[in-house]
Amino acid sequence: MSDPNTDTDDETVYYSGSSGGFGSVLGMAKVFARELSSPGTLDTLRRQNKPEGYMCSSCAWAKPPEPHAFEFCENGAKATIWDLTRDRCTPEFFATHTVTELREWADFDLEMQGRLTAPMRYDAASDRYVECGWDEAFTGIAAELKGVDPKSVVFYASGKASLETSYLYALLARAYGNNNLPDSSNMCHETTSVALKKVTGSPVGTCTLQDFDHCDAIFYFGQNPGTNSPRFLHPLQEAVKRGCKIIVFNPVKEVGLMRFINPQNPIQMLSQKPTELAHQYLQVRPGGDIAAIMGVVKRVLERDDMALAGGKPSILDPSFIEQHTSGWEAFRDKAHETDWADIEEHSGLRRADLEAAGDVYVGAEKVIAVYGMGLTQHVHGSQSIQMMVNLMLMRGNIGKKGAGVNPVRGHSNVQGQRTVGISEKPELVPLDKIQSQFGFDPPRDKGLTTVDACDGIKDGSVQGFLSLGGNLVRAVPDRNTMEPAWQRLAFTVFVATKLNRSHLIHGKASYLLPCLARPEEDVQASGPQSVSIEDSFSHIYGSRGKRSPAAATLKSELAIIAGIAKALLPVNPKLRWDAWTSDYALVRDEIAETYPEEFHDFNDRMWEAGGFYRGNSAHERIWKTESGKAEFTVPTVLSAVGVPGGNGRFHLITMRSNDQFNTTIYGMDDRLRGISGSRTVLLINPRDMKLQGLNEGDVVALVGDAGDDVHREVAGLKVTPFDLPDGCIGGYYPEMNPLVPLWYHDKASKTPASKGVPVRIRRDM
C-alpha cells in the first residue's frame with residue numbers, strides 16, 4: 001500500500017504542498033488586498049474566536065478556552081474580510097442596472113459589489129430594485145403576508161443568524177401561523193439529526209473538543225478539514241503527535257487529511273516539514289462507506305472470535321452492549337452473513353486494507369468517528385451514519401472520554417438555530433411552553449423541509465418566501481427547473497449583507513433588507529448589544545462586534561425580524577418586540593424560560609471561556625430512543641447511492657474549493673487540489689479518461705442519468721485528470737447543482753444526495 005500522505009500519480013493534478021503553512025497565509029492576504037479592508041479588520045481577526053471577542057461567522061468549529069494567538073483559519077479570516085470590505089452596493093448601483101441585466105452577471109461579480117446599504121423594493125415597471133424606507137418595507141411585507149394563507153409561506157434560515165435572532169424568527173413564523181422553518185441543515189446535516197436521533201436519542205454529535213485530547217484513533221469519513229474547518233487541523237496534529245492513528249475513508253485524497261504545517265509554529269514554518277496526518281487513507285467509492293464499515297466490523301468480530309478461542313477476554317465491550325444497547329444479535333448475524341466479495345465490490349476497497357483498519361480499531365481503547373457530507377448527502381445516508389454508530393457501539397465508544405461520534409457542521413450557528421426552535425418538526429419544539437409563555441396557540445402540524453418548500457414553489461402551493469441570509473436559489477438541486485418557479489412566487493423577502501443570485505430570482509413583489517454583519521457593532525436603545533451562537537460540540541458562546549457598520553442605515557437581523565413582526569401581528573403584550581430589540585439580554589431570558597435545562601442562567605454563563613456546555617444525553621449514556629437504549633441497526637444496502645453505476649454511468653461528487661464557503665466564492669483557485677483559474681472543470685481519473693476516449697483539456701458536458709424524464713445538463717467542463725476511484729467524477733458546488741434531481745435525496749431526512757449523482761459524460765461539440 002502506498003504512503004497515505006503522499007501524492008504519487010504524476011498523471012493527475014495535485015497539490016504537492018501541505019495544508020496550512022505559507023499557502024494559507026498568502027490565501028488570506030490575497031483576499032485582504034482585493035477587498036481593501038480597513039485596518040480595523042486586523043483587530044477583529046485578533047479578537048476572533050476568543051473569550052469576550054467576536055465569534056467567526058464561517059464554520060461551527062469550537063472556540064477553545066485557551067485560544068492560540070491567532071484563533072482563526074484561512075476560511076474564517078476570508079469570511080471576516082469579506083464582511084468588512086470597503087466596497088458598497090448602494091441604491092445608485094441598482095439605479096444603473098436592471099435585474100434582468102444583473103442575472104447575467106457571475107455570482108462572484110455580484111458579491112464583489114460590496115455591502116448593501118439601504119432597504120430596497122423591487123419595482124416591476126423599471127425592472128429595478130429601488131430604495132425604500134424601513135417603515136415602508138415593513139408595512140409592505142406585512143401586507144404581502146396578510147394577503148396569503150400562512151401555510152403557503154416559508155421562513156428559511158441560512159445557519160448564520162444568532163441564537164437570539166433565530167429564536168425570534170421562529171417565534172414570528174409560529175405567531176403568524178406555520179411551522180415552515182427549514183434551514184441550511186436540511187441541505188447538509190439533516191441526515192445527522194434524523195439518523196443519530198433514532199439510534200442514540202440525540203440529534204447532534206456526542207463529543208466535546210476535549211475528547212480529541214484523549215482518543216487513540218480517529219475514523220474519519222467524508223469530510224475535508226483543510227477546506228471546510230481548518231482549525232480542526234490543530235487538534236488532529238496534536239492527536240497524531242501523541243500517537244493517535246487517523247484512518248480516512250474518502251473518495252478524494254484531500255491534502256487537509258494528509259499533511260499539515262501549523263502557521264502558528266515558527267519552527268515548522270521555517271523548516272517546512274509537515275505533520276503527516278493519515279495513518280491509512282482509503283479511497284472508498286461514493287456511497288461505499290456502509291460496505292467499508294461492514295468490512296471493518298467483520299474484522300473486529302474475527303479478532304474477537306480469535307481472542308475468545310485463545311481463552312482471552314472479549315475485545316468487544318459485552319457489558320456495555322448488554323446494559324446500553326438493543327439489536328446487537330441481529331446486527332452481528334448480518335455482519336457474519338455479509339460476503340467479503342460484496343464488501344469489496346461496493347466499497348471499491350481491498351479486504352486486506354479493511355482488515356488493517358479493523359486492527360487499528362481493535363488496538364485503540366478510545367475511538368472518535370468524524371464525518372461530514374460525504375456520509376449525509378446520499379440516498380441511504382442515514383444508513384451510512386447508523387452503520388458508523390454500529391461500529392462505535394461494539395466497543396462502547398460512545399459516552400466515554402476520548403470517544404464518540406462527531407459530525408462536523410458548516411454554518412456557524414446552524415446547530416444552534418435548531419436548538420432554539422427553527423425546525424419544521426413540531427415534535428422537536430416545546431410548543432406547549434411557547435403557548436403559555438407568549439399567549440398564543442402555535443400551529444401543531446408539520447412544516448416544510450427545504451425539499452418540500454421547493455416542491456411547493458414548483459406546484460404553486462407556496463406563495464411567499466422569506467430568507468434570513470443565504471443564497472438558497474443557488475444552493476438547491478434542480479436549479480434550472482427551480483429558478484423559473486421561484487419567479488412565480490407572490491413575494492420574496494431577503495435579509496442579507498451582500499447581493500447574490502437569489503435576490504435576482506425573486507417573486508412578483510420583493511424586498512431586499514440589508515443587515516449588520518456579525519463583526520460590526522450593534523447599538524440599540526440600551527447600548528451596544530451582544531449575541532450568541534452554538535458550535536458543533538453543543539457549546540454556547542457570546543460574541544461582540546466592534547467595527548463601525550458599513551452604513552448608518554443598516555439594521556441588525558434581530559431588529560429587522562422584530563420590525564416585520566410589529567407590522568404584521570396583532571398587539572400581544574407578551575410579544576415584546578420593542579423591548580427585545582432594545583436589549584437582547586431580554587431575549588436570552590425568554591430562551592432560558594423556554595429551554596430551562598439547556599439555557600438556565602443564560603446571561604450569566606454566555607461569556608464563559610470555551611463556551612458553556614448545554615449538555616448532550618448520549619454523551620452521558622442516557623439514551624432517549626424508543627427502546628431507551630442505543631440501537632444497533634441492520635443495513636438493508638451496502639451502497640448508499642440510489643442509482644447503481646457502471647456501463648458508462650458515473651457518480652458525481654459535488655465539492656467545495658478552498659477558495660469558497662458554501663455558495664460564496666472568494667476566487668477561482670483550488671490551491672489544495674492543484675487547480676487554478678477556473679471552476680468549470682470535470683475531475684476524472686486517467687483510467688476512466690482512457691475508457692471514455694478523453695484527453696486532458698477536452699471540453700465535455702455532464703448529463704443527468706437518474707432515470708426520470710427530465711433533461712439535466714451542465715456543459716463547458718474542461719477534462720482534468722484527478723486521483724479518484726473508478727466510476728467517480730468530481731465537480732464544483734454550486735455549479736453542478738442543475739444535475740441533482742430534487743427528488744434524489746436521503747430517504748429518511750430528504751437531504752439532497754449531492755455526493756453520488758448519477759450522470760453520463762458527453763463530448764461538448
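Me: What should I know before looking at residue numbers and side chains?
Reply: Numbering starts from 1 along each chain as its sequence is written. It's a predicted model, where local features need pLDDT of at least 70, side-chain atom pairs count only at pLDDT 80 or more, totals for chains, interfaces and linings use all residues, and side-chain values use heavy atoms, with hydrogens and water left out.

Me: OK, what's the strand order in the open sheet of five strands?
Reply: β11-β8-β7-β13-β14, with parallel pairing. Strands here are DSSP runs of E, at least two residues, and helices are runs of H or I, at least four residues, numbered from the N terminus. Two strands pair if DSSP finds at least two bridges between them.

Me: Which strands stand at the edges, and why is one side of each left without a neighbour?
Reply: β11 (278–282) and β14 (404–407), because each has a single partner strand.

Me: How many bridges join β13 and β14?
Reply: Four, in the parallel sense, with β13 covering residues 367–371. V370 stands opposite N406 in β14.

Me: Which strands does helix α19 touch?
Reply: α19 (residues 381–394) packs on the sheet against β7, β13 and β14, and its direction makes about 170° with that of β13. Contact means heavy atoms within 4.5 Å. Axes are lines fitted to C-alpha atoms, for helices over the stretch in contact, and angles run from 0 to 180 degrees between N-to-C directions.

Me: Switching topic: what's the order in the sheet of three strands?
Reply: β1-β9-β10, an open sheet with mixed pairing. β9 (residues 259–261) and β10 pair in the antiparallel sense over two bridges.

Me: Which residue in β10 is the bridge partner of R259?
Reply: That's E276.
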